[in-house]
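Here is a short briefing on the fold.

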Amino acid sequence: MTAGLAPLPDRLLGHAIGPGRPWPMGASFDGDGVNFAVFSAHATLVELCLFSPDGRKELSRIAFRERDGDIWHLHLGGLTPGTVYGLRVDGPYAPEQGHRFNRHKLLLDPYARALEGRLRWSDALMGYKVGSPRSDLSFDTRDSAFAVPKAVVTDTSFTWGDDLPPRHPPFNSVIYEAHVKALTELHQGLEKPLRGTYLGIASDPVIAHLQKLGVTAIELMPVQAFVDDRFLVARGLRNHWGYNTLAFFAPEPRFMSKGALWEFQTMVRRLHSAGIEVILDVVYNHTAEGDHLGPTLSFRGLDNASYYRLADGGRYYVNDTGTGNTLNLTHPMVLRMAMDSLRYWVETCHVDGFRFDLATVLGREAHGFDPNGGFFDAIRQDPGLSTVKLIAEPWDIGPGGYQLGGYPHPFQEWNDQFRDGVRRFWRGDAGLLPDLAKRLLGSAERFDHSGRSATASVNFITAHDGFTLEDLVSFTVKRNWDNGEDNRDGHSENHADNMGVEGPSDDPAILAARSLRKRNLLATLLLSQGVPMLLAGDEMGHSQGGNNNAYAQDNEVTWLNWGKGEPGLVDFVARLTALRRAHPVLRQRRFLHGRTRAADGLPDVIWRKPDATHPAPQDWHDPAFHALGVELRMAAETGDTTPAAVLLYFNCGAACALTLPATATWALVLDTTRPALTHGAAPKALPAQSVLMFVSVPDAGQVEGGPQ
């Protein structure tokens, strides 16, 4: 027995110990007991540690005696769901060679479906002696079991009934990015135990709000169990966003009211019943174990040299993520874990898709980013995963990290060029009309290749990372002081405009200007080709007080206050989504390139000046050219014969005379300067700071509803 560990029996009275099988991975209840299967290529000993139901007392250690390849396995008869367990793994402690085995550190099973207890920060979590002159080359013999969450054998069965995923096609999608706790923590219509939980999102008031907005999918920020960073805990803060994953199969316990998987499953089922998909923001690029001075919680102690991409002979970690480590998805067993995890959320929890954080990391092979890399190939060949929504955050901080437009079908991508270009246009920056034109048509210069659809671009004005919409029109300078990093964190260039006063104002003129700017930004988002994404709270006028990096603010900075906000903004967003639903011209599968339609001899895109003429080449680069119109019809390639057309005008400057083109008879259905307007006659002037939408008269009656 290794020094420092109290001896425990290598037996379990009343439970037969059998060889088990090397599949499935993790702990699986089979009716007769529980099968355990664990991967480690370089270990010399793997032990199963059983604990009391509260996780406080280690009851027994049983060595895995069977090994098939690099998978260690055993079966314990009579065990049932609810069994609490951990792992201890022995092997070489040679950091210079990439090995950091330390049997004194209790490890969480990477396939844990549920957790018992929370992480308690302690130096005992480190595999080395903190403060030693040899740093991480030293060896620590303290038992860490008291500080580590344990895995729980889980019964994943659930009565799904007639649950069917809504399966909205991408061209009909409107995504709503939200945080489980922030969305519901202050909702006065919910009982307090439900606030901040999965069941809170499943509640009638929240679902009714989502339906009113017209969103088709809620994209939840990380719900895979994560860790509060030690430096945050020392400051009295928490990791609110959750981009610090510890367990890729377990729902985050802090979002549960009863600590059971069925709470998450119930949320999914109820959202599906309301026609709303569930997309998870997932983090397979790194783990919560940090760099070479981080804790030994799971992967590092199981097989550091396999799970992580290492540098300098193996002692240090490749840090393409900026978090201290990078998962080694080029290793077949690490890739298998990621695929098993994704399939688990789809098959067991019925989620409808994933947004991949720092997705360039996932496609980086030895030779660099590869759109046909192992991770992408594995997903695209999978019969289940290839059919759900797949959204990439197309960048990281590693070499060649910015890959917007470089992902393979069927991946969609967050389009930061849409965000920045549209913000700058409405701020009044000169020369932005050519860029605006590209964004309105789905950024074809980036995405129109390899058979990709016009829905490849996920357009957004705001997201969790950055200013909220309210702050975008209220601040020009970030205010991240509460994060404890002397305001150094977060982006410094936000392309924001405070409309004349920095921060909150009670000046009616300032408030009116800010309200109009928000409506213009929202209208541009929801009337553009591609897939629009809204940030939760923007429809309420939620402010974070100028904090554009509120990752550590688990408080009223990020919690949405349902009792406040701008009157009428929710209705305005609902109006925009209704217009988008009603007019297929606004949400096309094909990219528009101004090709002539056989049906009527008209181009599918016609650019207009306010006087109805076409912009000349010099107009596009004229700083005084601040108003652009675009006339849209169904793409020529579709062979669509319907005459329906939409005419949009975007004016970031002063009012100017307006002449409508003679290609159709037009009815006004949207004027952001008059948000209550639903139908109207064509105005003689294009209002200052406005978005106008017209529809061809045969199509004018189809405004509020329309086919899905």
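The radius of gyration is taken over C-alpha atoms, and the globule rule is 2.2 Å times the number of residues to the power 0.38. With 708 residues, that rule puts a compact globule near 27 Å, and the protein agrees at 27 Å. This is a predicted model: local features need pLDDT of at least 70, side-chain atom pairs count only at pLDDT 80 or more, and totals for chains, interfaces and linings use all residues. Residues are numbered from 1 along each chain as its sequence is written, and side-chain values use heavy atoms, with hydrogens and water left out.

**Overall build**
- The C-alpha trace spans about 90 × 55 × 50 Å along its principal axes.
- The protein holds 15 helices and 31 strands. Both are DSSP runs numbered from the N terminus: helices are H or I with at least four residues, strands are E with at least two.
- Of the 708 residues, 63% are buried. Buried means under 20% relative accessible area, exposed over 50%, and partly exposed in between (1.4 Å probe, protein chains only).
- Among contacts with a separation of 6 or more, 72% link residues 24 or more positions apart. A contact means heavy atoms within 4.5 Å.

**Strand pairing**
- Two strands pair if DSSP finds at least two bridges between them.
- Strand β4 (residues 45–51) runs antiparallel to β5, joined by five bridges. Leu 50 has Ser 60 of β5 as its bridge partner.
- Elsewhere, β29 (residues 666–671) has six of its six residues buried. Five bridges tie β29 to the antiparallel strand β31 (residues 690–696). Ala 667 sits opposite Val 695 in β31.

**Backbone exceptions**
- Most residues other than glycine have a negative phi, and most peptide bonds are trans.
- The bond from Trp 23 to Pro 24 is cis, with omega near -15 degrees. Pro 24 is in the loop between β1 (17–18) and β2 (26–29).
- His 409 and Pro 410 are also joined by a cis peptide bond, with omega about 10 degrees. Pro 410 is in the loop between β21 (389–392) and β22 (412–415).
- Asn 487 has a positive phi of about 65 degrees. Its loop runs between α13 (469–472) and α14 (508–526). Asn 487 counts as buried because its relative accessibility is 13%.
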